[in-house]
Amino acid sequence: MKLKIRKMHPLFVAEVTGVNITEPLTKEIQSKLQELIDQNGILVFRDQNVTDEQQVAFSRNFGEIEIANNKNNITKQEDRRLSNMFSDISNLNKHDEVHQQESRQRIFNLGNRIWHSDSSFRPNPARYSLLSAREIPAKGGDTQYADMHSPYENLTSTMKNLIADLQCEHSLMYSRARLGMDYFTEQEKEDFKPVLQPLVRTHPATRRKSLFLASHAGRIVDWPVTEAKLLLEELTEIATQREYVYTHQWKRYDLVMWDNRRTMHRATRFEDTKEKRDMRRTTIAGDPA
Ligand code: OGA
Ligand code: MN
């Protein structure tokens, strides 16, 4: 089998064929995939019926796995469906039943439907995410991705100067507050304390700059709250215009890998209190931005 790619969007995203990710990779394939993710920001692999162990093994080719803990989610250890190597992106509880409409976990998970970059609320924001579709709904539940390099490059120089050195506060409490979720326990408030991230970052492999935006960003250091929120809204609107967006329509056993340093993503609507959507994410830990 020969490794081949097909561009799926003019700015980013490539489908990779000719590789079986359920098996160990040769050094050569591993470095080729590293080069492809650096160039394209998102890689799509089809027909990869991976087990959890195989997904973890494949992910480790790209760095260290970020352990999902009480800093990432409101899930209590005893309620987890998956090992802590995984972020559970499904709509299922540990008994494999869909979350009920009023479930606090469901409401928290709905936060994924706002544009974000994974783990920007952690001091070391995520480098890559690898999302495997184990079971998908009949309709809906696409994932949208937005490139963050081009919108930055297309900003006016006035805007580039304005934002050059800004630092934003990111927290899971800020993203959830956008949807009206404003009750957090004392422990959650402690776990979800805001962290600082630069608004503009430079990709270490390509040296291209990008906007580092996310629903989790809720404040700008030294700025009044209202003005900070306005600027973040304005930039997000610019950065998620149609020309920068790719919509992934899932097929069962797709695995999509993305670089959180130069993209944002969001989930879209489906009948989540009726149909199962079993998506499992491994995350590669990053360095401070
Ligand atoms: C994620 C995520 C969106 C989706 O896996 O980090 O936000 O469509 N997923 O499930
Ligand atoms: Mn996400």
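I began with ligand 1 and found one of its oxygen atoms 2.6 Å from an N or O atom in the side chain of Arg 281. I note here that the model is a predicted one. Taken alone, ligand 1 exposes 290 Å², and I recorded that the protein buries 99% of this area.

I then looked up two further contacts to oxygen atoms of ligand 1: a polar side-chain atom of Arg 277 lies at 2.8 Å, and a polar side-chain atom of Asp 118 lies at 3.0 Å.

Next I turned to the metal. Which residues coordinate the manganese ion (ligand 2)? I found His 116 through NE2, Asp 118 through OD and His 265 through NE2, at 2.1 to 2.2 Å. Along the sequence, I wrote the spacing of these donor residues as H-x1-D-x146-H. I placed His 116 in the loop between α3 (104–109) and β5 (128–135) and His 265 in strand β14 (residues 263–267), so the pair ties together parts that are 149 residues apart in sequence.

Are the two histidines buried or exposed? I noted His 116 as buried, since its relative accessible area is 4%, under the 20% cut-off for that word; His 265, with a relative accessible area of 6%, is buried as well.

Definitions and conventions
Residues numbered from 1 in each chain as written. Chains lettered and ligands numbered in written order. Predicted model: local features only at pLDDT ≥ 70, side-chain atom pairs only at ≥ 80, totals over all residues. Heavy atoms only, no water. Donors = N, O, S within 2.8 Å, 3.2 Å for Na, K, Ca; no water. Helix = DSSP H or I, 4+ residues; strand = E, 2+ residues; numbered from the N terminus. Buried < 20%, exposed > 50% of the residue type's maximum accessible area, 1.4 Å probe, protein only. Polar contact = N/O pair within 3.5 Å; in protein donor to acceptor, adjacent residues only side chain to side chain. Areas by Shrake-Rupley, 256 points an atom, 1.4 Å probe, with all protein chains shown as cover.
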